[in-house]
Amino acid sequence: MPAKAILLTAAIGLSGVLATPANATAASTPQGVCGSGFGLVSGGAKPVKTQGGKRYGTVYLLYNRGTGQNCVVTIKSSFIGSKTQMSARLTVMPKPRKDEKQDPIVRMDAGKFGQYAGPVKYWAKSACVKFWGTIQGTDGSIAGGGRTSWGNCG
């Protein structure tokens, strides 16, 4: 595993804080954050806006056919470099088991980040997913966006 990936994995697992990647250009794309093999799904780019309509960034849903994982990342288009509160959330509804209710699985990355929140990955082959991202502005305003209905169920 490359040193940068190990650093990011350690940072996420231990402190909830992501390190700033050495290659900021690659990290500014959802594929650069999620990694090799992930592609944007249909309808997988949603604006992250305030109630007043100001766009602070975009939340992305990607899928890796090889691993069966989904990946969510929220990337800023405003306040880049300023560490503000952000989040990326993936909700997965597993296939129901006979006569057994299934609860959704929620995975999230939240904290103060300068460029992006995530990646949030979870196995979701043949499962329905929702995704959501938030970005707080330097003035304290909150922007949110994503998909609140189940989709990408195949």
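This is a short walk through one protein model, from its overall make-up to a few single residues.

The model is predicted: local features need pLDDT of at least 70, side-chain atom pairs count only at pLDDT 80 or more, and totals for chains, interfaces and linings use all residues. Residues are numbered from 1 along each chain as its sequence is written, and side-chain values use heavy atoms, with hydrogens and water left out.

First, the make-up. The protein has three helices and eight strands. Helices (H or I, at least four residues) and strands (E, at least two) are DSSP runs, numbered from the N terminus. Read from that end, the order is α-α-α-β-β-β-β-β-β-β-β. Of the 154 residues, 38% count as buried. Buried means under 20% relative accessible area, exposed over 50%, and partly exposed in between, with a 1.4 Å probe and protein chains only.

Now strand 7, residues 128–136.

Strand 7 has two partners to mention here. Strands pair if DSSP finds at least two bridges between them. With strand 4, residues 84–93, the pairing is antiparallel over eight bridges, and M86 stands opposite I135. With strand 8, residues 142–151, the pairing is also antiparallel, over seven bridges, and V129 has G151 as its bridge partner. Strands 7 and 8 form a hairpin with five residues between them, and G140 in that turn has a positive phi of about 95 degrees.

V129 is also among the contacts of N70, a residue of strand 3 (residues 69–76). Contact means heavy atoms within 4.5 Å. Leaving aside neighbours within four places in sequence, the contacts of N70 include F38, L62, L90 and Y122. N70 counts as buried because its relative accessibility is 3%. A polar atom of the N70 side chain lies 3.1 Å from the backbone oxygen of L62.

Last, some backbone details. The peptide bond from G118 to P119 is cis, with omega near 5 degrees; P119 lies in strand 6, residues 116–123. S126, in the loop between strand 6 and strand 7, has a positive phi of about 60 degrees although it is not a glycine. S126 counts as partly exposed, at 29% relative accessibility. N152, in the segment after strand 8, is not a glycine either and has a positive phi of about 50 degrees.

Conventions. Polar contact = N/O pair within 3.5 Å; in protein donor to acceptor, adjacent residues only side chain to side chain.
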